[in-house]
Amino acid sequence: MKKGRGRTSRIRRRKLFRSSESRGVNESYKPEFIELKRWLKNRKFEDPNLIPARFPGTGRGLMSKTSLREGQVIISLPESCLLTTDTVMRSYLGAYVAKWQPHPSPLLALCTFLVAEKHAGTRSPWKPYLEILPKAYTCPVCLEPEVVNLLPKPLKARAREQRTHVQEFFTSSRDFFSSLQPLFSEAVENIFSYRALLWAWCTVNTRAVYMKLRRRQGFSAEPDTCALAPYLDLLNHSPDVQVKAAFNEETRCYEIRTVSSCRQHEEVFICYGPHDNQRLLLEYGFVSPRNPHACVYVSEDMLVKYLPSTDKQMNKKISILKDHGFIENLTFGWDGPSWRLLTALKLLCLEASEFTCWKKVLLGEIISDTNEKTSLDIAQKICHYFIEETNAVLQKVSHIKDKDVALVNQLTLVETLRTEELKILQASTELLHNLQTAFT
């Protein structure tokens, strides 16, 4: 037998292929990371465990230089490296923040500092950090309106709310920005533009870590809990990992501690929380493939779409669901329709003679085989509707991609979200079919 063609060789090649899929390309040699490393070293931080790298699927992240054991502290970032409202108040902006009325929010202070330091360019002591921050973001507030229209209905509504929120944030901050004119030779309207503030808002919203700071005078009553953590914020999210992250009051460092082990030369992840893909896209601008928390939301209008309009008790049923918190967070997941969704449908499908049993439905009791079957049938119809809608949107995305190259990256994000949701719906319709078979 020729060398390299046996069973052992095939197994070895498969292992190499699988490991190469998750193995990143070292980027620590790049000028921006060399500068960042030097800047961090001057602030008393050196990392023996991780290096910047680029990975297939997740993009830029951090790779383990050695095997990491369970419970190991993988990053311990000194307080001197953190960008917080304390940083702002110690800077040239501090006096302007302190005297402004009404008091600015901690978020406004951080955003203002980021915009001002980015404008300073090479004069900014934070330049090495600013250089590695994304130039643009993919949160829904940054997407083109025609791309937002392709999002699932619940996310589309929240995306529009997000855009309105940021626009109002900008409008309400303009007088404060004007007060900073003595600090700049250029007109502040050109420096603190909507586009600049949007970039800063997305930077804080997508990259800040939670760190409860002491309440200080000069700020509004909003919680002061955000800190930007250079280098640490290169860690990407995975729903499958667990870490412990917190500011250590004794060492005065922000620490990340692994709960599970990690092999050498693999990407090291943290978990932003048990978020579904719509939440991840809204808050962070990405979608996580094979996310166990992913789901498809069912709105109130979809809930009643296939119910008889002749049901005289429908308004009362809807009122009961609202009063008991059963009108929101109704979903299809990888394991089919959620218990909440099926419970809501069972209550809505109660016949007139069964209506007095609605409390038993909310407690999870079975009322009748007819009620069980009808609710499953309605769930299946809703699922089929979503499948058809999702396929139609995916076809539309493909069509627009061919016509508008400038939107390809944004459209790919929508495509990934919709494809993941289609997989969930296909799994759900199969599970519902199996449940329906029990009543035939």
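**A tour of cavities, pockets and rings**

The largest cavity in this predicted model has a volume of about 40 Å³. Residues are numbered from 1 along each chain as its sequence is written. Because the model is predicted, local features need pLDDT of at least 70 and side-chain atom pairs count only at pLDDT 80 or more, while totals for chains, interfaces and linings use all residues; side-chain values use heavy atoms, without hydrogens or water.

**Stop 1: the cavity.** Select Pro106, Arg214, Arg215, Arg216, Phe219, Ser220, Glu222 and Asp224, which line the largest cavity. A cavity here is a set of points on a 1 Å grid, over the protein atoms alone, where a 1.4 Å probe fits but cannot get out, and lining residues have an atom within 4 Å of a point. Grid points are joined across faces, edges and corners, and the volume is the space filled by probe spheres set on them. The lining has two nonpolar, one polar and five charged residues, where Asp, Glu, Lys and Arg count as charged, Ala, Val, Leu, Ile, Met, Phe, Trp, Tyr, Cys and Pro as nonpolar, and the others, Gly among them, as polar.

Stop 2: Next, go to the second largest pocket, with about 400 Å³ of space. Of its 15 lining residues, Lys135, Ala136, Tyr137, Arg195 and Trp199 are the closest to its centre. A pocket is an open set of points with protein on both sides within 12 Å along at least five of seven lines. Now colour α5 (106–120), α10 (194–207) and α17 (408–437), the elements that give two or more residues to this lining. Helices are DSSP runs (H or I, at least four residues), numbered from the N terminus. Which element gives the most to the lining? That is α10, with four residues.

**Stop 3: aromatic rings.** There are 14 aromatic pairs, counted when ring centres of Phe, Tyr or Trp (its six-membered ring) lie within 6.5 Å. Select Phe170 and Tyr194: their centres are 5.6 Å apart and their planes at 75 degrees, so the pair is edge-to-face (over 60 degrees; under 30 is stacked, the rest tilted). Phe170 lies in helix α8 (residues 153–178) and Tyr194 in helix α10, so the pair ties together parts 24 residues apart in sequence. Phe170 is buried, at 12% relative accessible area, whereas Tyr194 is partly exposed at 23%; buried means under 20%, exposed over 50%, and partly exposed in between, with a 1.4 Å probe and protein chains only.

Then select Trp100, Phe176, Phe177, Phe184 and Phe192, which form one aromatic cluster.
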